[in-house]
Amino acid sequence: FAGKVAMQAIHIGRRNWRRPRHPLIPSRHRPQPKVSIHVPCYAEPPEVVLETLEALSRLDYNDYEVLVIDNNTKDQVLWRPVEAHCKRLGEHFRFFHVDPLAGAKAGALNFALTQTATDAEIIACVDSDYVAEPDFLSRLVGFFANPRVGFVQTSHDYRNFSNSPYQRACYWDYMYFFKQHLPALNEWTAGFTVGTMCLLRRKALEKAGGWAEWCLTEDSEIGMRIHALGYESMVLPDTFGRGLIPDSFSDFQKQRFRWTAGPVQQLKRHLRLLLPKPLGGAGKMTPVQKYFEWLHCAEGLGSVVRLLTTLLVPIFVYTAVKQNDSMPVPPVIWTLLAIAVPASMAITWLRYQKLHANTSDMLLGSIATLSLTHTKDMATLVGLLARKPLAWTRTNKFISLPKGLAALMSAKWEAIRALVMIGVGLGMLAFAEISRPDFVLLGTIAVLLAGIGHFMAPCMALLAERDLANRSEPTEPSEQASGVLTGPACQPVFAARRCSSP
């Protein structure tokens, strides 16, 4: 806990940085290597993808191509308009519909590599819902003049969220990581790619073996392998494109499940890359890079400790009560808690201040973060215990239809966990020594606070549902087949970006 607080203090408090923190100023005299932009998509709303392609057609850069890879979309109503639009945009845009294609997004990106122009030196990845800024390439490719740079990553960012309390909560949950934590790792060239608005040296990508089709986070995984080859990286906090926040809490959960389980998969597969050389370590990562990769991949393991604590504290209290054994808490522990809790709250407040967020944004972001506790716990366990590759689930870009109170089903396990923990905590409170604070009281406080935290998931589900209900009147739901939207019901609603979730 102390180490995490210290790292956050470094991220938000440091003023002087040794490595560049901002993109380059465009220059006509700087070489412009050819860039191949890869846009993978699967069962996406056509108008969302078209907006992405229109933005890419306006890039302030001369030598680039755009490859759109639609993998496994069954419904032609969804991919035919994208194919036609690529033809209208000219020869620099190429569309591929590949079905079947294994490997989900990583499989699509590996296919794109086989179709990339032979003279392209840089690979750029842009998600199908991201609207890129015109200077996306012109201000970043200059970093590759240094032959040691393997990839450049810019910040995730989002649009069309300001009028939705639910999406504002999601947004401020995202921002600390993408705007502060990840760019801070740039100081030690220890960052990683996050799947969109990034550029990779083609030579490094191919030498690393391409994208990992077994990993839920193929983006951060390739960053690890590129570092293991001895390359450096650049990670910047600047925004060069904005995407869409998931409309429903269930989609928000699925996204975070993938982001949590993937690094655990990386830890299991690439343990040797993270070990010191005397212990059989492999690769060319620096000790500092290995340290931060450990933190990234093993962060979810704290979920295992949290789950064990949830189970062990009530057992410990029951045993103590049954034996009539009162264990006073040493004053030093209360002193440490009196320091650590306000310090953690102060760090949280400061990091939101650095992000220029107001108090309501800070509260919403904190609610969103707490709401994902159970999701991250389960993702860590699944990532640790799964022996087979995990199914890759896309983030839905269609606007979900309102479900009423049925939306709470996405948070049912969190609600059950909250009720059980609060019930257990209240039961423990009856045996706690209030006048002489003991470990029973300390455990009671911990269990009650954890239970209250789990109630944030139903709150987020209801916030999302209220947002959907306040939008324009829903259209009739379209038919669904194998999780993919089909049928003519989607055709008239493209402009409104509204369909039932695939």
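Me: Where is Leu-308 found?
Reply: Keep in mind that this is a predicted model. Leu-308 belongs to helix H11, which covers residues 301-322.

Me: Is Leu-308 buried, exposed or partly exposed?
Reply: Partly exposed, since its relative accessible area is 46%.

Me: And which residues make the nonpolar surface patch?
Reply: Leu-308 is in there together with Leu-311, Leu-312 and Ile-315, and the patch comes to about 410 Å².

Me: OK, helix packing. How do H8 and H10 cross?
Reply: Two numbers describe a packed pair of helices: the angle between the axes and the distance between them. For H8 (residues 249-269) and H10 (residues 287-298), the axes come within 7 Å and the crossing angle is roughly 125 degrees.

Me: Switching to charges. How many salt bridges does the count come to?
Reply: The count is 20. One of them pairs Lys-397 with Glu-44, at 3.6 Å from N to O.

Me: Which parts of the chain does that pair link?
Reply: Distant ones, 353 residues apart. Lys-397 sits in the loop between helix H14 (373-385) and helix H15 (412-429), while Glu-44 is in the loop between strand S1 (35-41) and helix H2 (46-57).

Me: Are Lys-397 and Glu-44 buried or exposed?
Reply: Both Lys-397 and Glu-44 are buried.

Me: What about Arg-94, which residue does it form a salt bridge with?
Reply: Glu-65, with the closest N and O atoms 3.1 Å apart. Arg-94 is in strand S3 (residues 93-98) and Glu-65 in strand S2 (residues 64-71), so the bridge ties together parts 29 residues apart in sequence. Arg-94 is partly exposed at 29% relative accessibility, whereas Glu-65 is buried at 6%.

Me: And Glu-221 with Arg-225, how far along the helix are they separated?
Reply: About one helical turn, because they are four residues apart in helix H7 (residues 218-228). Glu-221 is buried at 1% relative accessibility, and Arg-225 is buried at 14%.

Me: Last one: which residues are linked in a network of salt bridges?
Reply: Arg-19, Arg-148 and Glu-232 are linked that way.

Note on methods
Residues are numbered from 1 along each chain as its sequence is written. This is a predicted model: local features need pLDDT of at least 70, side-chain atom pairs count only at pLDDT 80 or more; totals for chains, interfaces and linings use all residues. Side-chain values use heavy atoms; hydrogens and water are left out. Patches are made of residues with over 30% relative accessible area and no salt bridge: like charges are joined within 9 Å, nonpolar side chains (Val, Leu, Ile, Met, Phe, Trp, Tyr) within 5 Å. Accessible areas come from the Shrake-Rupley method with a 1.4 Å probe; for residues, only the protein chains shown count as cover. A salt bridge is a side-chain nitrogen of Lys or Arg within 4 Å of a carboxyl oxygen of Asp or Glu. Helices (H or I, at least four residues) and strands (E, at least two) are DSSP runs, numbered from the N terminus. Buried means under 20% relative accessible area, exposed over 50%, partly exposed in between (1.4 Å probe, protein chains only). Axes are lines fitted to C-alpha atoms, for helices over the stretch in contact, and angles run from 0 to 180 degrees between N-to-C directions.
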